[in-house]
Amino acid sequence: MTFAQESDAADQPNIVLVFIDDMGWGDFSCFGNDDAETPNIDRLATEGVRFEQFYVNSPICSPSRTAISTGQYPQRWRITSFLNNRKDNQRRGMAQWLDPKAPMLARSLHEAGYTTGHFGKWHMGGQRDVNEAPEITEYGFDESLTNFEGMGPKLLPLTLKPGQKKPGKIWGKAENLGEGYRWMLRSEITTGFVDAAIPFIDKAAKANKPFYINLWPDDVHAPFWPPVETWGDGSKRRLYLSVLESMDKQFGKLFDRIRDDDALRDNTLILVCSDNGPAQGAGEAGPFRGFKTHLYEGGVRSPLVVWGPGIAKKQNHVDKQSVFSAIDLVPTLLELTNTPFPKDTTFDGEHLVNTLLGEGGSRDAPIFFRRPPDRDSFYGVEDLPDLAVRSSKWNLLCEYDGSDVELYDLSTDPSESMNLADQHVEVVSELTKSLLSWHQSMPPDNGPSL
């Protein structure tokens, strides 16, 4: 019997997935940030569940987005780094866009009667000179509004700094991706996405239809353009914190729309997480080592807040133990919403409904990672690990051939400061074998030759 069959909640709860670009594990104030305040997210956490051992499946944007959309490792779809121009994608051995035949969460929900909308960054096809990529609506969405890295209607950013009277433009070449764009201040673009999502919700509620929404803001991805009155000293860190606080403020209207409606509050689940770790000098990964593009914890461990007063089993609960990842969200949400699984599809993710709703429990299988092919060195590290696996308390990292092993006990050393590989030969042998087997089972990219 599935959870949805035994639950008192409706069979088709609404889902809102907030997926933030380039935000560190420690950037919400409810995750320990003392330099900025994020009251709207903090309130969700107080009224819901906060997870401390949740992972995304890549330390960089496009593959991370592919994983959370499909429930499968992004390597299966040959998206292993950020999608760039046509020539660079080919150089790195990558696809030009996500195959529309991928098992999209949105499509499964749509086929089950949901109305589906994507509002925000896409970055799974349609960017730079790749202008023949599929429209976002070809992936199971009824409506979309994106930025400069997706096909379909979009908001493009105007920039303004203190003392400047006329706004500037960035990513102006995105106009070449098709009609349906409009320009607005980058500091207000999340409001633009929220202002599109709310009437979408209103329409679904009026039609008595369940909804699934992606709200994927890119505020905290560089370059940072907060409201001019919050620039402070103009340092990278100050601009980042100002953008973070502004983004949280812009979320408020959407969260209030749901919270203040009895029907929506009791039958909506909001999930908030980040697509990868922070850029160096901007966000912070809490106690964890590494940044965006790194396979160390700081690159792939994400904050996760889950809110749903009528659905979640606990409130103001901190789950410090459950280990799971973004690929688990797709089968979990399909089961939670009583949605049939797509035919002939095997998810890499596991069904963890009880975990998501606050009752604890980790995935059974390890979580495997492969670095972006173009990121063997980054942020001052000359030779980054190529592969990683999180299994139980262990995190093992190594090169493509299994050499240069690093082994960390995350239960006692979350900052990955003590390499225990020489002290646990059997653990190293077992984990390296499974990691290399996974790596070799995935379509290759050009990482070894770059």
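1. An open sheet of three strands is arranged in the order β6-β5-β7, and its pairing is mixed. The edges are taken by β6 (168-169) and β7, each of which has a single partner strand, so one side of each is left without a neighbour in the sheet. It should be kept in mind throughout that this is a predicted model.

2. Within that sheet, strand β5 (residues 154-159) pairs with β7 in the parallel sense over five bridges, and L158 stands opposite L185 in β7. Helix α6 lies across both β5 and β7, and runs at about 155 degrees to β5.

3. A separate point concerns strand β9 (residues 268-274), where seven of the seven residues are buried, so that the strand is largely enclosed by the rest of the structure. The burial applies to both faces of β9, with T268, I270, V272 and S274 on one side and L269, L271 and C273 on the other.

4. Which strands pair with β9, and in what sense? Strand β1 (residues 14-20) runs parallel to β9 and is joined to it by seven bridges, with I20 standing opposite S274. Strand β10 (residues 301-307) runs antiparallel to β9 and is joined to it by four bridges, among whose residues W307 is the bridge partner of I270.

5. In general terms, side chains of opposite charge can pair when their charged atoms come close. One of these salt bridges is formed by the side chains of E47 and R259, at 3.1 Å from N to O. E47 lies in helix α2 (residues 39-47) and R259 in helix α7 (residues 236-259), so the pair ties together parts that are 212 residues apart in sequence. R259 is itself buried, with a relative accessible area of 7%.

6. The side chains of R186 and D218 likewise meet in a salt bridge, at 3.2 Å from N to O. This pair links distant parts of the chain, since R186 is in the loop between β7 (181-185) and α6 (189-206), whereas D218 is in the loop between β8 (211-216) and α7, 32 residues apart. R186 is buried, with a relative accessible area of 6%, and D218 is also buried, with a relative accessible area of 6%.

7. A further salt bridge joins D445 to R370, the closest N and O atoms being 3.7 Å apart. Here too the pair links distant parts of the chain, with D445 in the segment after α12 (425-441) and R370 in strand β13 (residues 367-370), 75 residues apart. D445 counts as buried at 9% relative accessibility, and R370 counts as buried at 1%. Elsewhere, salt bridges that share partners join D21, R65, K121, R128, E149 and D275 into one network.

8. Finally, is D376 buried or partly exposed? D376, which is placed in the loop between β13 and β14 (387-391), is partly exposed, with a relative accessible area of 25%; the cut-off for burial is under 20%. Leaving aside residues up to four places away in sequence, D376 touches R371, V381, E382, D383, L384 and D386. D376 and T293 are 83 residues apart in sequence, and their C-alpha atoms are 9.1 Å apart in space.

Note on methods:
Residues are numbered from 1 along each chain as its sequence is written. This is a predicted model: local features need pLDDT of at least 70, side-chain atom pairs count only at pLDDT 80 or more; totals for chains, interfaces and linings use all residues. Side-chain values use heavy atoms; hydrogens and water are left out. Buried means under 20% relative accessible area, exposed over 50%, partly exposed in between (1.4 Å probe, protein chains only). Helices (H or I, at least four residues) and strands (E, at least two) are DSSP runs, numbered from the N terminus. Two strands pair if DSSP finds at least two bridges between them. A salt bridge is a side-chain nitrogen of Lys or Arg within 4 Å of a carboxyl oxygen of Asp or Glu. Contact means heavy atoms within 4.5 Å. Axes are lines fitted to C-alpha atoms, for helices over the stretch in contact, and angles run from 0 to 180 degrees between N-to-C directions.
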